[in-house]
Amino acid sequence: MTPSRSSTATRAAKIREILFRTYPNATCALAHRNAFELAVATILSAQCTDERVNIVTRTLFKKYASPSAFAHADLAVLELDIRPTGFYRNKARSIQGFAKAIIEQFGGEVPADMDALVKLPGVGRKTANVILGTAFGIAEGVVVDTHVARLSQRMGLTEAEDPEHIERDLMTIIPRENWIAFSHAMILHGRALCGARKAHCDECPLAEPCPKIGVR
Ligand code: SF4
């Protein structure tokens with residue numbers, strides 16, 4: 001049976017409260033010094049762990065210290081530099097296209113604007129939400145990565161499969177002032193206990209409100 005909107009909202013409030021108590025300092029795990037580096041790290045994080053991205057960017061951001069350095073890089077060399085993150089050809093093209101676009105259109109500054117961000121190479125709504133939320137403190141939406149998607153479904157906060165629909169569902173049941181912290185806490189919880197391969201429900205502080213949908 002599909003849960004009513006009010007019961008879902010009540011459960012969402014309980015889940016939010018427990019998550020924030022459990023992960024009071026949840027924040028973005030991608031190392032960066034500014035919005036541009038965060039954008040590059042987020043592009044690199046597709047299908048890759050944050051730990052591996054941080055290892056790669058430790059040297060990458062020393063070698064390419066500005067948008068201009070990425071824009072003028074030899075693409076084949078940049079590909080090799082980011083190769084450990086996987087899908088390196090597409091990612092190198094996206095990063096270079098992103099760097100060129102912000103130089104040409106925004107004087108080298110990353111725009112703090114959703115409509116502008118999603119038109120830039122390599123930037124979808126998830127990446128734009130990461131940049132806006134973490135670099136600028138702007139809650140324009142909820143970051144829906146693989147952890148947030150999986151946990152939202154297991155917790156019965158959405159029945160949707162696609163990230164944009166999941167995000168819309170979360171935006172209706174989570175207060176806007178919590179959007180940024182909520183996704184950070186969900187990502188930490190996905191890593192800690194509610195993994196893709198195994199959910200550790202016996203040890204989980206959310207076991208009471210969570211309906212554990214699809215968990216075997
Ligand atoms: S109770 Fe189980 S399914 Fe629900 S959040 Fe915790 S680990 Fe995940």
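Reader: Is Phe98 buried or exposed in this structure?
Author: In this predicted model, Phe98 counts as buried, because its relative accessibility is 0% and the cut-off for buried is under 20%.

Reader: And what about Phe36, buried or exposed?
Author: Phe36 is buried too, with a relative accessible area of 7%.

Reader: How are the rings of Phe36 and Phe98 arranged, stacked or tilted?
Author: Their centres lie 5.8 Å apart and their planes make an angle of 20 degrees, so the pair is stacked, given that planes under 30 degrees apart count that way.

Reader: Which parts of the chain does that pair link?
Author: The pair links distant parts of the chain, since Phe36 belongs to helix α2 and Phe98 to helix α6 (residues 88–106), with the two residues 62 apart.

Reader: Which rings make up the cluster?
Author: Ring pairs join Phe36, Tyr64, Phe70 and Phe98 into a cluster, and a search of the whole structure finds three aromatic pairs.

Reader: Switching to the helices, how do α2 and α6 run, parallel or antiparallel?
Author: Their axes come within 10 Å and cross at roughly 155 degrees; as angles over 145 count as roughly antiparallel, the two helices are therefore roughly antiparallel to each other. The crossing of α2 and α6 is right-handed.

Reader: Which residues meet there?
Author: From α2 there are Phe36, Ala39, Val40, Ile43 and Leu44, and they meet Lys91, Ser94, Ile95, Phe98, Ala99 and Ile102 of α6. Sorted by class, this contact of α2 with α6 has nine nonpolar residues, one polar and one charged.

Methods: Residues are numbered from 1 along each chain as its sequence is written. This is a predicted model: local features need pLDDT of at least 70, side-chain atom pairs count only at pLDDT 80 or more; totals for chains, interfaces and linings use all residues. Side-chain values use heavy atoms; hydrogens and water are left out. Rings of Phe, Tyr and Trp (its six-membered ring) pair if their centres lie within 6.5 Å; planes under 30 degrees apart count as stacked, over 60 as edge-to-face and the rest as tilted. Helices (H or I, at least four residues) and strands (E, at least two) are DSSP runs, numbered from the N terminus. Buried means under 20% relative accessible area, exposed over 50%, partly exposed in between (1.4 Å probe, protein chains only). Axes are lines fitted to C-alpha atoms, for helices over the stretch in contact, and angles run from 0 to 180 degrees between N-to-C directions. Angles under 35 degrees count as roughly parallel, over 145 as roughly antiparallel, 65 to 115 as roughly perpendicular and the rest as oblique. A crossing is left-handed if the near helix is turned anticlockwise from the far one by less than a right angle, and right-handed if clockwise. Contact means heavy atoms within 4.5 Å. Ala, Val, Leu, Ile, Met, Phe, Trp, Tyr, Cys and Pro count as nonpolar, Asp, Glu, Lys and Arg as charged, and the others, Gly among them, as polar.
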